[in-house]
Amino acid sequence: MSTPLPVVLAGARGHGRWHVENIRRLQRAGLVRLVGICELTPLTEDEFGGELPEQSADFGALLESTGARIAVICTPIPTHTDLALTAARKGVHILLEKPPAPSYAEYRRMADGVAEAGVACQIGFQSLGSHALPAVRELITQGAIGRLVGLGGAGAWVRDEAYFRRAPWAGKRRLNGVDVIDGALTNPLAHAVATALALGGSTRAEDVTAIETELLRANAIESDDTSCVRVTTAQGHPVTVAATLCAERADEPYVLVHGSSGRITFWYKQDRVLLQRAAHGPQEYEYGRTDLLENLVAHLTTGAGLLVTPDETGAFMKVVEAIRQAPDPAPLPDTAWRRVPGENRRVVPGIDGLVAAAADTLSLYSELGAPWALPPARQKEVSTR
């Protein structure tokens, strides 16, 4: 068995705790060993749940002192590019949490710098490690649902008001003059966008020709918590994704593949697929998933192909850029949302049905007749050529 690869984790709190547990899992399997944690405020042993590796607030120095081969970066969105480039310049391979950057320019700076340094970089869209993706693509290629017409994504989630205060950058479009772009479609439900684009084979920047956005908010934040986007692709099929963090009840997010004679539903957090087509009964499948850090280790040790390279997230970053350039999200009128007693969260009545209808019809909220939706003049179409 090969020697476990030394890993440094930048950002071990919040979502970083998931990475701690995942690194521990791979450590037990003999694939990696956690040799360092980069946090501005050091973790305690109680917080970490055991004996701590070396800690430092200086990421570059920590990479050098530990001899790290891999850096897992799970830090605030505006820091992603600089930290990734710090690792790349030191010859350290990277797992970079999604979204890879808050703007297309920052994404290109990161991707170009990583390529120039010659290190491997995996972007942390875990859903793109699902074995359902190649299976669904194969169904499309075989013509199981006829001609591909378009793809819809739906994410109806519940988040309380404290969620938007979890970090200084939460719910912000900008912080201290720097882009953050922490919206429903760009961060918590970013997988819905990236997965819909991937299933349609539109992952690279050049696959996107135009984007329309409708960005709204029920909460007292800068960014959007209820939004939809429609991407026009070079392949000729639209990709429409609707999302909210103000659902009446939380539901599993999914991508809907529309064909001329059937449809495929992919619940991407569950790796579950439903095939419905003319003259056949419904067929349901469940798939496994390749962990992205495990895939990066396999890439470095056996030459396995990387599942989510920076270039394969270019189309997603075009969506982030369109949202960044769009007018600031419009506050929903007070009549369009209500507070849930005892839960300290805001709900937009009817939004669950609208999110599903957007994925079902590839329509934007305004086209579905939502009384609070942005008028067409506010829709922003962004050419990305």
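Which side chain meets E106 in a salt bridge? The partner is R109, at 3.0 Å from N to O. The model is predicted, and a search of the whole structure finds 27 salt bridges.

**Within a helix: E106 and R109**
- Both residues belong to helix α5 (residues 104-117), where they sit 3 residues apart, about one turn of the helix.
- E106 counts as partly exposed, with 22% relative accessibility.
- R109 also counts as partly exposed, at 37% relative accessibility.

- A salt bridge joins E284 to R272, and the closest N and O atoms are 2.9 Å apart.

**Shared partners**
- One network takes in R108, D112, R204, E206, D311 and E312, joined through salt bridges that share partners.

**Between a loop and a helix: K90 and E64**
- K90 and E64 form a salt bridge in which the closest N and O atoms are 2.6 Å apart.
- This pair links distant parts of the chain, 26 residues apart: K90 is in the loop between α4 (80-89) and β5 (93-96), while E64 is in helix α3 (residues 59-66).
- K90 is partly exposed at 36% relative accessibility, whereas E64 is exposed, with a relative accessible area of 56%.

Terms used
Residues are numbered from 1 along each chain as its sequence is written. This is a predicted model: local features need pLDDT of at least 70, side-chain atom pairs count only at pLDDT 80 or more; totals for chains, interfaces and linings use all residues. Side-chain values use heavy atoms; hydrogens and water are left out. A salt bridge is a side-chain nitrogen of Lys or Arg within 4 Å of a carboxyl oxygen of Asp or Glu. Helices (H or I, at least four residues) and strands (E, at least two) are DSSP runs, numbered from the N terminus. Buried means under 20% relative accessible area, exposed over 50%, partly exposed in between (1.4 Å probe, protein chains only).
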